[in-house]
Amino acid sequence: MKLRIMIAEDERLAREELIYLLSKDPDVELVPSAASGVEVLELAQKHKPEVVFLDIEMPEMDGIQAAHRLVEMDLRPFLVFTTAYDQYALEAFQLEAVDYLLKPYDEERLRRTLERIRGRKTEAGIDVRTKAPLGPLFKSGKLLVDDGARMVVLEAELFLYAVKEDKVTRIHMADGRSYAAKQTLQELEERLGPSFFRPHRSYLVNLDYIYEIEPWFNGAYNAILRDPNRTRIPVSRVASKEMIRLLQGH
């Protein structure tokens, strides 16, 4: 089944580039594109796209404002924010965005985004325009953790990384919150699924938040996360090849 996708981009060259890249996928159906936030709302009502690639900086109404309005209008396509800057990433994921793409576009990175959208669609088993939760890893989109005194429900999409600290596992979220959990890293990894990876015996990281990888020493690396603090996660020499393979989408 084809994905009905709308592109919202006010810059003509950027819009044409994205149209070209998406049109190479035979299972993508492009609906008319928008050049402003206001036009996004008008065209979304008319064409009911399943996915909107939404530029953040647009005239009349920016992409973040347009996303909020789509929710208010009960139009809930999968959102992929596009921008030349990365400071909007946190707000984008708080809007349950599927992904956050930096310009200029990388064809392989775009392919992984489409795969993730299709995975969401399959796992949800629902009409993508309903209000049902859009969990990326399991149907509820939630993770229940036990800190010893209470049970806390966490949003799976905001799970940034976890690290072993003494007798607890410290879970760090993309919105700055952190929680102590009784679950082990292995238990969390099994619960969360393939988008989460153990780059080091003491860490579990959400692959979707990795911004870049930098060499360290003796074949090891640091994974730099796409959070305001640009958190560095150690990647062992043994784990580095597998992590790079996963990030390449092989």
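Buried means under 20% relative accessible area, exposed over 50%, and partly exposed in between. The views below come from a predicted model.

**View 1. Aspartate 25 and arginine 118 form a salt bridge.** Their closest N and O atoms are 3.1 Å apart. The pair links distant parts of the chain, 93 residues apart. Aspartate 25 sits in the loop between H1 and strand S2 (28-30). Arginine 118 belongs to helix H5. Arginine 118 has 25% relative accessibility, so this residue counts as partly exposed. Aspartate 25 has a relative accessible area of 17% and is therefore buried.

**View 2. Lysine 103 pairs with glutamate 9 in a salt bridge.** Here the closest N and O atoms lie 2.7 Å apart. Lysine 103 is found in the loop between strand S5 (99-102) and helix H5 (107-124). Glutamate 9 is found in the loop between strand S1 (3-8) and helix H1 (12-23). The pair therefore ties together parts that are 94 residues apart in sequence. Both lysine 103 and glutamate 9 are buried.

**View 3. Aspartate 99 and arginine 109 form a salt bridge.** The closest N and O atoms are 2.7 Å apart. Aspartate 99 lies in strand S5, and arginine 109 lies in helix H5. The pair thus ties together parts that are 10 residues apart in sequence. The relative accessible area of aspartate 99 is 3%, so aspartate 99 is buried. For arginine 109 the value is 21%, so arginine 109 is partly exposed.

**View 4. Glu9, Asp55 and Lys103 belong to one network.** Salt bridges that share partners join these residues. The count for the model comes to 18 salt bridges.

**View 5. Helix H2 packs with helix H3.** H2 covers residues 37-47, and H3 covers residues 63-72. Their axes are 9 Å apart. The angle is about 25 degrees. Angles under 35 degrees count as roughly parallel. H2 and H3 are therefore roughly parallel to each other. Their crossing is right-handed.

**View 6. Residues of H2 and H3 make the contact.** H2 contributes Gly37, Val40, Leu41 and Ala44. H3 contributes Ala66, Arg69 and Leu70. Of the residues in this contact of H2 with H3, 5 are nonpolar, 1 is polar and 1 is charged.

Technical notes:
Residues numbered from 1 in each chain as written. Predicted model: local features only at pLDDT ≥ 70, side-chain atom pairs only at ≥ 80, totals over all residues. Heavy atoms only, no water. Salt bridge = Lys/Arg side-chain N within 4 Å of Asp/Glu carboxyl O. Helix = DSSP H or I, 4+ residues; strand = E, 2+ residues; numbered from the N terminus. Buried < 20%, exposed > 50% of the residue type's maximum accessible area, 1.4 Å probe, protein only. Axes fitted to C-alpha atoms, helices over the stretch in contact; angles between N-to-C directions. Parallel < 35°, antiparallel > 145°, perpendicular 65-115°, else oblique. Left-handed = near helix turned anticlockwise from the far one by under 90°. Contact = heavy atoms within 4.5 Å. Nonpolar A, V, L, I, M, F, W, Y, C, P; charged D, E, K, R; others polar.
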